[in-house]
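Here is a friendly note for a first look at this structure. Please keep the viewer open while you read.

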Amino acid sequence: MATVKSLQVDGSRLRIDWADGHHSVFHAVWLRDNCPCPECRHPSGQRLLDTRSIPDGIAFAAARADDGAVEATFADGHTARWAAQWLREHCGCADDAPMPARRRLWGAELRTELPVHRFDDVAAGGAGLRAWLSAVDELGFAILADGPTEPGTVTRVAELFGYVRETNYGRLFDVRSVVNPSNLAFTGLGLGAHTDNPYRDPTPTLQLLHCLSSSAGGGENTLVDAFRVAQDLAADRLRLLASTPIRFRYADDDAELETEAPVLSLDARGALAAVHYNTRSAQPFRLTEELVEPYYAAYQAFGRMLEAPEYRIQFKLEPGDLFIVDNLRVLHGRTAYAPEAGERHLQGCYADRDGLRSRLAVLSR
């Protein structure tokens, strides 16, 4: 519990010295903007105060610590009160800057502790569902075992935490070998690690794949934590892949999709936020003469690392098994298989990561 040792007002700034030795400085405009009183905040938690209505140059008239809280009166006469713990958690100092969501990077060592959960435990909701969703949020993927082989199960799993994202492939899609395929996924060819649908804006954030039958030899699934790979990439190559957009495209008789994104996308703090890597749908790179060789060196280095055994895990889905991946972090692929030697039939669908995190947050209350 945060305890205020002392506080001091200096015009538009409020300095708080905490009992643990830390100190914070809050500006009057920021505190006024975050007043929690009923005039400024609806019981739903949504804001009633419009930031634009705050007077320019707003300052403090007085402030005091009181019973685990801080109360301040502004020069315009408005009084607000904040819990000391809330203020401590919202200190704007660099040491307290927000960290990324729960995330544990991994390599091939994870193959001995795969996040496998029983289908029935997860489908029952509650703690079982929370544990599975937490694994997805932390590791970027998780597996369900011993589920039914009923077609359509994959969408019902997605609906345990959110909504199916329908695309030109439909509400769900079948992954098996077909004659005259429009996508290499519908062949028996091996597929390298890739982001699904990078040609779509926005790119689907979650993909689920459910095994209905698996009698063919080969066809094992491969996964790689592309964030871990990017962490080990040389800094100059990371900068190139993050600063140079490339185009992705897909077209068939009914759809034509194209968009542009860098292989590595960084957020406003410079942290890695997304990976778009798919050699099958990448279009010719548009590079200046001086960028051609260094960009290809970076692109090839990253791609080769994605397939390196120290980063990749490999497993075979049995009928009824399902896995989910964070499509912008964990890239998936498969080994080749011979359709004439047996059957391999998966069904897949897409969903949104914000729905998963929302459900996880509710279950964690």
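The numbered points below go from sheet to loops, then to a helix residue, a hairpin and some aromatic rings.

1. Before you start: this is a predicted model, in which local features need pLDDT of at least 70 and side-chain atom pairs count only at pLDDT 80 or more, while totals for chains, interfaces and linings use all residues. Residues are numbered from 1 along each chain as its sequence is written, and side-chain values use heavy atoms, with hydrogens and water left out.

2. Four strands make up an open sheet with antiparallel pairing, in the order 11-20-13-18. Strands here are DSSP runs of E with at least two residues, helices are runs of H or I with at least four, and both are numbered from the N terminus; two strands pair if DSSP finds at least two bridges between them. At the edges are strand 11 (191-194) and strand 18 (312-315), each of which pairs on one side only. On average, neighbouring strands of this sheet are turned by 20° against each other, direction ignored; the axes behind such angles are lines fitted to C-alpha atoms.

3. Strand 11 is joined to strand 20 (residues 330-334) by two bridges, in the antiparallel sense. Across this pairing, Leu 191 stands opposite Arg 334 in strand 20.

4. Some backbone details deserve a look. Most residues other than glycine have a negative phi, and most peptide bonds are trans. Asp 201 and Pro 202, however, are joined by a cis peptide bond with omega of about 5°. Pro 202 belongs to the loop between strand 11 and strand 12 (206-214).

5. Which phi values are positive in residues other than glycine? Asp 67 has a phi of about 55°, and Asp 146 has one near 65°. Asp 67 sits in the loop between strand 4 (60-65) and strand 5 (69-74), whereas Asp 146 sits in the loop between strand 8 (141-145) and helix 5 (153-158). Is Asp 67 buried or exposed? Asp 67 is exposed, because its relative accessible area is 73%; Asp 146 is exposed too, at 56%. (Buried means under 20% relative accessible area, exposed over 50%, and partly exposed in between, with a 1.4 Å probe and protein chains only.)

6. Asp 121 lies in helix 3 (residues 119-123). With a relative accessible area of 41%, Asp 121 is partly exposed. Leaving aside neighbours within four places in sequence, Asp 121 is in contact (heavy atoms within 4.5 Å) with Gly 128 and Leu 129. Asp 121 and Trp 132 are eleven residues apart in sequence and 9.3 Å apart in space, C-alpha to C-alpha.

7. Next comes a hairpin. Strand 16 (residues 264-266) and strand 17 (residues 272-275) run antiparallel and are joined by three bridges, with Leu 264 opposite Val 275 in strand 17. Five residues separate the two strands of this hairpin, and Gly 270 in the turn has a positive phi of about 90°.

8. Finally, the rings. Rings of Phe, Tyr and Trp (its six-membered ring) pair if their centres lie within 6.5 Å; planes under 30 degrees apart count as stacked, over 60 as edge-to-face and the rest as tilted. The count comes to 16 aromatic pairs. Why is the pair of Phe 285 and Tyr 295 edge-to-face? The ring centres of Phe 285 and Tyr 295 are 5.3 Å apart and the planes stand at 80°, so the pair is edge-to-face. Phe 285 is in the loop between strand 17 and helix 8 (289-306), and Tyr 295 is in helix 8, ten residues apart. Both Phe 285 and Tyr 295 are buried. Ring pairs also link Tyr 277, Phe 285, Tyr 295, Tyr 296, Tyr 299 and Phe 302 into a cluster.

Notes:
Axes are lines fitted to C-alpha atoms, for helices over the stretch in contact, and angles run from 0 to 180 degrees between N-to-C directions.
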